[in-house]
Amino acid sequence: MEREHFEKYIKDVTSHVRFRFDRRKIAEELREHIEDLYEDLLSQGIEAEQAEELALEWMGDSEEVGKALDREHHPVLGWTWLILGVVCLAVVIKTVFGVIDLGKNIAEGYFGKIYPASAQPVVYTISPEIERQVYSYTLYIDKIVYYEDGMLEVDYATWRTPFSRDEYWSFEINVCPYVGDTPCYEGAGRYKDGRYYGKGQVKVRNVPQEADRLQVRANADLGNGWGEPIEISLTEGRVMAE
Amino acid sequence: MRRGKQIIFFLLLIILCAGVSFWQQGLYFTEEGAFHSVETGLRYGPSEEILLTYDRADGSQIIVGRWMDGLSVVPVERYLGVFWRMPKGTVVEGYQSMRYDVDGLVTAENWILGLSRIPEVSEVNCLVVVYDEEERKEVIAAEVTLPVNEEGFFCQKLDLELVEPTDYGYSISYLEGRTADGDVVFRHGTDENGNFFQGTGDRFSEVRIGGEGETWVRVQ
């Protein structure tokens, strides 16, 4: 029986709260409070009916309580909180997905595979371990492999910091082997992956085994302009295949 | 009060996340910021000075800067009212080396842009040509005379029909540099009579990119 009176009181109070999304929570708090009061009065030996009346009396006039709670849960503040909360959640989710995508992109580039440029046996391998900074990119020349069929493979990697604000453009290198001062370039393909960490390969065919140096140029995208070459000796640091 | 604090927290988080997003998207509060980010992304520049800004038909702008011996021609556009960025899906002319003592180019928007390294040159005369597919040769589209400013820069919008990007664009076939007295001190290219003149100052322009001790770029 008392529940009906309590619920009516609660409904009267919450009807004054204009921000509807808070009504349920307010109702729960009021219900809990009234129940506590009621139980307390019963434990003091007061009759159930009287305890019910006293509990509601102590709670105060429903209109006054309702208006006071409406001020506390003002709709402007409530709606601002709700809208900002939803926007915040969306923005955070987008950022988290962006960070995951960034990490995935870096990992894909880092763990990307470089395949041998030729099926023929390897003659020698050189690991020049050259590192150059070109604006927001770091260029690493990792490995040079020479095959029995005259194919020369240059494996490299580039790292572009995700914090770079420079507009993104792909970054590839060009290579040219020399025998003395004579260039012996015959392109056989190339590829480059990765926006942040990227691995690439340049292949040159019909390179004579006596080729003694390699020029590597970092593309600066200046029309016909190419970077000052990085000179790599093809005679030093050779690891001959067994 | 608790809700007020939450609102402030939400706002701060939104500003932080939006800031990170705008940072990563290459958005800038100034057109110069967007311009320089394209240049350094292309691994040259940034330009020492901005020489010219002009509007394009699509509402974006072209900024022309000077870097070393050449010109940097980069499009930028307004984004969301307050930001600047490089327009997507557009051709970026980027760095244009000025090979001769007086040299120039015609942009996709039909602006003649050029530089003179000869201080005495106060005006240039340009013969602009376009490839005629029917005649299968270059035909004269315009002949213009334009002043050179104190910094050696010259520019003018040509009153010509815009050429579709897939068509052959306009180019300068002959360029003549004159002093204030009208003396011709520079000639390069093929004039209207078919005579070829070799301009002075033909050189590889060596420029450094990436800061001191870093890569050099040889511009042909």
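Start your tour in chain A, where helices H2(A) and H3(A) cross in a right-handed way; a crossing counts as right-handed if the near helix is turned clockwise from the far one by less than a right angle, and left-handed if anticlockwise. Before you go on, note that this is a predicted model, in which local features need pLDDT of at least 70, side-chain atom pairs count only at pLDDT 80 or more, and totals for chains, interfaces and linings use all residues. Residues are numbered from 1 along each chain as its sequence is written, while chains are lettered from A and ligands numbered from 1 in the order in which they are written.

**Stop 1: two helices in chain A**

Select residues 23–43 for H2(A) and 48–59 for H3(A); their axes come within 9 Å and cross at roughly 135°. Helices here are DSSP runs of H or I with at least four residues, strands are runs of E with at least two, and both are numbered from the N terminus. The axes are lines fitted to C-alpha atoms over the stretch in contact, with angles from 0 to 180 degrees between N-to-C directions. The two helices, H2(A) and H3(A), are therefore oblique to each other (under 35 degrees is roughly parallel, over 145 roughly antiparallel, 65 to 115 roughly perpendicular, and the rest oblique).

Now show the side chains. On H2(A), pick Ile34(A), Leu37(A), Tyr38(A), Leu41(A) and Leu42(A); they meet residues of H3(A) including Ala51(A), Leu54(A) and Trp58(A). Contact means C-beta atoms, placed from the backbone, within 7 Å. The residues of this contact divide into 11 nonpolar, no polar and 1 charged.

**Stop 2: the domains of chain A**

Zoom out and colour 2–73 as domain 1 and 122–240 as domain 2 of chain A. Such bounds come from an automatic or database domain assignment. The C-alpha centres of these two domains of chain A lie 79 Å apart.

**Stop 3: the domains of chain B**

Next, select 26–97 and 100–203, domains 1 and 2 of chain B. Their C-alpha centres lie 23 Å apart, and 11 residues of domain 1 are in contact with 10 residues of domain 2. On the domain 1 side, S1(B) gives the most, with 3 residues.

**Stop 4: a sheet in chain B**

Finally, find the open sheet S9-S8-S11-S12-S13 of chain B, with antiparallel pairing; strands pair if DSSP finds at least two bridges between them. S9 (137–147) and S13 (196–197) of chain B each have a single partner strand, so one side of each is left without a neighbour in the sheet. Click on Thr190(B) to find Phe196(B) of S13(B) opposite.

Notes
Contact = placed C-beta atoms within 7 Å. Nonpolar A, V, L, I, M, F, W, Y, C, P; charged D, E, K, R; others polar.
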